[in-house]
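Hi there,

Here is the structure I promised to pass on to you. Have a look at it first, and then read my notes below.

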Amino acid sequence: MIKKLATLVLQALPDALALHLLFFYKLGRFGNFAKPRTLNEKINWRKLYQRDPRFSVFADKLAVKDEIAKLIGPQHVIPTLWSGDRGKDIPFDQLKPPYVIKTNHGCNDSIFVKDAQTLDRKAVIEAINKSNAAVFGLLRREWLYWHIKPKILIETMLTDEKGAPPKDYKFFVYHGYVHFVQVDEDRFGAHRRAFFDHNWNKLPFTMNYPLLEEDVEKPASYELMVELATRIGSLFDFARVDFYAPAQGVFFGEVTFYPASGIGRFHPDLWDEVLGKPWVI
């Protein structure tokens, strides 16, 4: 009840005040959004002052596919098997697992279908309809999601050699140059994370998730991913561009304009400023 009341109060507050309160609640300090220095501060500055209409197009997981196909080629776009407005319209009988069901405007709402025999269609329809009806980003003032018409989409599931979701390579592109790379492993299990510089030197910090302490081999397609991420990210002063690199090839994941929504916990904290420095606003 208290959490629901706090959410209602935050939603009613002016944007700047709400973001300052969220920042303090999550990070234990006040941020400077007028003259930001850290990455978190600059992301909150962006929410308040940088209202680029292209953000909504590139954050739409369905609409962005056309843009990405034009920018880097359709071979790097994960195939869409179906899209629609209602869960009950999903053509389960025509879909061959494995595949992923998600919304075009949400976050962390992916449903992985690996086996048609054990699939609970009713539960899937209820879950995806709930996600599709949600208005994402209200509390955190992520305004770009409010301009995306909600859709349900189904994609081919990418897997690694063990049949698990592949590593996620996230490229931090500042003014047309990849400065940092984030690698996420086992995102739907024991999620761990590591960061690297442009030359694949591992950096001594993590953010939000435990550090992936083992050595991470530089992927064979690293230079290609850097090239493609640069081509996409150079359209903006800052963007995080995500890719997967399973055996089938290199595939675009998404473009993110608000990494960790501007309230990511860096360990150690000084790296928040290091990752913010290349972004000149």
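A pocket, as the word is used here, is an open set of grid points where a 1.4 Å probe fits, with protein on both sides within 12 Å along at least five of seven lines, and its lining residues have an atom within 4 Å of a point. Please keep in mind that this is a predicted model.

Let's begin with the second largest pocket. It holds about 610 Å³ of space. Its lining is made up of 24 residues, and those nearest the centre are Asp160, Glu161, Pro166, Lys167 and Tyr169. Sorted by class, the lining has eleven nonpolar, ten charged and three polar residues.

Next, take a look at strand E2, residues 99-103. Five of its five residues are buried, so "buried" here means under 20% relative accessible area. Tyr99, Ile101 and Thr103 point one way from E2, while Val100 and Lys102 point the other way. E2 has these antiparallel partners:

- Strand E3 (residues 111-113) is joined to E2 by three bridges, and Ile101 has Ile111 as its bridge partner there.
- Strand E4 (residues 152-156) pairs with E2 over five bridges, with Ile152 as the bridge partner of Thr103.

Finally, why is helix H3 (residues 39-49) largely enclosed by the rest of the structure? Ten of its eleven residues are buried, among them Trp45, Arg46 and Leu48. The cover over the buried residues of H3 includes helices H2, H4 and H8, along with strands E5, E10 and E12.

Enjoy exploring!

Best wishes

Terms used: Residues are numbered from 1 along each chain as its sequence is written. This is a predicted model: local features need pLDDT of at least 70, side-chain atom pairs count only at pLDDT 80 or more; totals for chains, interfaces and linings use all residues. Side-chain values use heavy atoms; hydrogens and water are left out. On a 1 Å grid over the protein atoms alone, a cavity is a set of points where a 1.4 Å probe fits but cannot get out, and a pocket is an open set with protein on both sides within 12 Å along at least five of seven lines; lining residues have an atom within 4 Å of a point. Grid points are joined across faces, edges and corners, and a volume is the space filled by probe spheres set on the points. Ala, Val, Leu, Ile, Met, Phe, Trp, Tyr, Cys and Pro count as nonpolar, Asp, Glu, Lys and Arg as charged, and the others, Gly among them, as polar. Buried means under 20% relative accessible area, exposed over 50%, partly exposed in between (1.4 Å probe, protein chains only). Helices (H or I, at least four residues) and strands (E, at least two) are DSSP runs, numbered from the N terminus. Two strands pair if DSSP finds at least two bridges between them. Contact means heavy atoms within 4.5 Å.
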